[in-house]
Amino acid sequence: MNLENMFNWRTALRIIFLLVMTAVIMGPLSITVFGGFKSLGELRTSPIGLPQHWVLSNYADILASADFWRYLRNSLIISISCVLLTLIVSGMAAYCFAQLHFFGKKMLFAYFTVGMMFPFATAILPLFIKIRDLGLLDMPTGVIFPQVAFGLAFSMMLFRGFFEQLPKELFEAAQIDGIGYMGFFFRFTLPLSVPILSTVATFVFVQSWNNFLLPLVVLNEQPSYTWTLGIMQYRGAYMTDWSRVLAFVTLTMTPAIVFFFAAQKYIVAGLTGGAVKG
């Protein structure tokens, strides 16, 4: 087999693999979206494919519900707050590990990375007790602070790999001009780190947006529910009407999908930015 034929076979296999992965990802998504436009009877007889009769009322009734917008607002407040706090705290910590030299740096960074192996579910009981003692039950901060804390290790690892690739000459020139560490971080490091900022923000937002266990434990009053708890409430009210449940799921996952597509061009660059040393 010559090189041209081998290249064609590899290209064909790559295309087939991408098509299969696309079908695996888009299949459940399309079933969910189009299922929300079907009547309950049609959903039971034909769950796959386009609806024969488009039932717009499933989506319209949800959009007209005040509860839906309250769930959406609560989730946005928590997710955006988690993104901002994680970017600030993990970014500054990773900058210190990447640019500064101090005693015990490697040991301290290893201590932080061990946190990625700590299962969140195992800490839920002591975490609930601490949140209760601090008076943060039924408050967004009771969800925000633990999520930020458990996401710091992974975010710092991504930030540190990217910051280590920044030119050392740039920092030396800034020092000559009298710019300190904080000034260099905000005036040079952050503007050059848009790819990794977008990558970390996307991971944190999607993880926070889809979090169910922590809001379930912390948020007990319906007005403070996030969308993950709202869909549990909605499913209880419309247990037999799966068309409405699918419509609710479609509308609530839309912000995360939009956020991902808005930042997708930076994600690969951010993940591979610290892969090799220049």
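## Basis

Helix axes are lines fitted to C-alpha atoms over the stretch in contact, and angles run from 0 to 180 degrees between N-to-C directions. The model is predicted: local features need pLDDT of at least 70, side-chain atom pairs count only at pLDDT 80 or more, and totals for chains, interfaces and linings use all residues. Residues are numbered from 1 along each chain as its sequence is written, and side-chain values use heavy atoms, leaving out hydrogens and water.

## Packing of α7 and α10

Helix α7 (residues 141-163) packs with helix α10 (residues 194-209) at an angle of about 160°, and the axes lie 10 Å apart; helices here are DSSP runs (H or I, at least four residues) numbered from the N terminus. α7 is therefore roughly antiparallel to α10 (an angle over 145 degrees). The crossing is right-handed, with the near helix turned clockwise from the far one by less than a right angle.

From α7, the residues Q147, F154, S155, L158, F159 and F162 meet P195, I196, L197, V200, F203, V204 and S208 of α10 (contact: heavy atoms within 4.5 Å). By class, this contact holds ten nonpolar residues, three polar and no charged; Ala, Val, Leu, Ile, Met, Phe, Trp, Tyr, Cys and Pro count as nonpolar, Asp, Glu, Lys and Arg as charged, and the others, Gly among them, as polar.

N58 belongs to helix α3 (residues 57-63). Its relative accessible area is 5%, so N58 is buried (under 20%, with a 1.4 Å probe and protein chains only). Leaving aside residues up to four places away in sequence, N58 touches G36, F37, K38, S243, R244 and A247.

The N58 side chain reaches the backbone oxygen of G36 at 2.9 Å and the backbone oxygen of K38 at 3.2 Å.

How values were computed
Helices (H or I, at least four residues) and strands (E, at least two) are DSSP runs, numbered from the N terminus. Angles under 35 degrees count as roughly parallel, over 145 as roughly antiparallel, 65 to 115 as roughly perpendicular and the rest as oblique. Buried means under 20% relative accessible area, exposed over 50%, partly exposed in between (1.4 Å probe, protein chains only). A polar contact is a pair of N or O atoms within 3.5 Å; within protein, one must be able to donate a hydrogen and the other to accept it, and residues adjacent in sequence count only if both atoms are side-chain atoms.
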